[in-house]
Amino acid sequence: MASGNTSKYYKSNPKAAARRRKQQRAYNKTAKGLKIRTNANKLNRRLGTYGNGDGKDASHTGPNKGKLESPKRNRSRPRRNQKYA
């Protein structure tokens with residue numbers, strides 16, 4: 001699979017990549033980051049894909065709803081102004 005522009009940028013800028021990882025670690029510890037992560041895990045468990053290595057993502061199609069699809073398809077869709085709690 002080809003790398004995206006963001007991936008290429010961080011590969012060629014290790015200082016920026018380290019800064020991003022540091023920021024992401026801090027965000028994941030906040031209440032909002034924790035809520036997003038726990039909801040994603042809950043949906044993955046409900047769809048039966050959590051930890052089974054099938055390579056599928058839980059696509060968040062609405063509050064407490066989702067479907068299984070490939071990570072490429074799921075992550076390529078823009079999520080502007082959509083709130084999935």
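Which residues does Asp57 touch, not counting residues up to four places away in sequence? In this predicted model, the residues that Asp57 touches beyond that range are Lys67, Leu68, Glu69, Pro71, Asn74 and Arg75. Asp57 lies in strand S1. Its relative accessible area is 14%, so Asp57 counts as buried.

The chain that holds this residue is made up of four helices and two strands. Read from the N terminus, the order of the elements is α-α-α-β-β-α. The chain has 85 residues, of which 15% count as buried. Its accessible surface amounts to about 7100 Å², and carbon and sulfur atoms contribute 51% of that surface. Among contacts in the chain with a separation of 6 or more, 5% are made by residues 24 or more positions apart.

Helix H1 spans residues 5–12 and helix H2 spans residues 14–29. Their axes come within 5 Å of each other and cross at roughly 110°. An angle from 65 to 115 degrees counts as roughly perpendicular, and H1 is therefore roughly perpendicular to H2. On the H1 side, the contact is formed by Tyr9, Tyr10, Lys11 and Ser12. These residues meet Pro14, Ala16, Ala17 and Arg20 in H2. Sorted by class, the contact of H1 with H2 comprises five nonpolar residues, one polar residue and two charged residues.

Helix H2 also packs against helix H3, with axes that come within 4 Å and cross at roughly 80°. H2 and H3 are therefore roughly perpendicular to each other. From H2, the residues in this contact are Tyr27, Asn28 and Lys29. Their partners in H3 are Ala31, Lys32, Gly33, Leu34, Ile36 and Arg37. The contact of H2 with H3 divides into four nonpolar, two polar and three charged residues.

Asn44 is placed in helix H3. This residue counts as buried because its relative accessibility is 18%, where the limit for buried is under 20%. Leaving aside residues up to four places away in sequence, Asn44 touches Thr49, Tyr50 and Ala58. Asn44 and Gly66 are 22 residues apart in sequence, and their C-alpha atoms are 8.8 Å apart in space.

The loop between helix H3 (31–47) and strand S1 (57–62) contains Asp54. Asp54 has a relative accessibility of 35% and therefore counts as partly exposed.

Glu69 belongs to strand S2, which covers residues 65–69. Between Glu69 and Asp57, twelve residues apart along the chain, the C-alpha atoms are separated by 5.5 Å. Asp57 is among the residues that Glu69 touches, not counting residues up to four places away in sequence.

Is Glu69 buried or exposed? With a relative accessibility of 6%, Glu69 counts as buried. Its side chain takes part in a salt bridge with the side chain of Arg73, at 3.9 Å from N to O. A salt bridge requires such a nitrogen and oxygen to be within 4 Å. Arg73 has a relative accessible area of 58% and is therefore exposed. The salt bridge thus joins side chains of a buried residue, Glu69, and an exposed residue, Arg73. A search of the whole structure finds one salt bridge.

Terms used: Residues are numbered from 1 along each chain as its sequence is written. This is a predicted model: local features need pLDDT of at least 70, side-chain atom pairs count only at pLDDT 80 or more; totals for chains, interfaces and linings use all residues. Side-chain values use heavy atoms; hydrogens and water are left out. Axes are lines fitted to C-alpha atoms, for helices over the stretch in contact, and angles run from 0 to 180 degrees between N-to-C directions. Angles under 35 degrees count as roughly parallel, over 145 as roughly antiparallel, 65 to 115 as roughly perpendicular and the rest as oblique. Contact means heavy atoms within 4.5 Å. Ala, Val, Leu, Ile, Met, Phe, Trp, Tyr, Cys and Pro count as nonpolar, Asp, Glu, Lys and Arg as charged, and the others, Gly among them, as polar. Buried means under 20% relative accessible area, exposed over 50%, partly exposed in between (1.4 Å probe, protein chains only). Accessible areas come from the Shrake-Rupley method with a 1.4 Å probe; for residues, only the protein chains shown count as cover.
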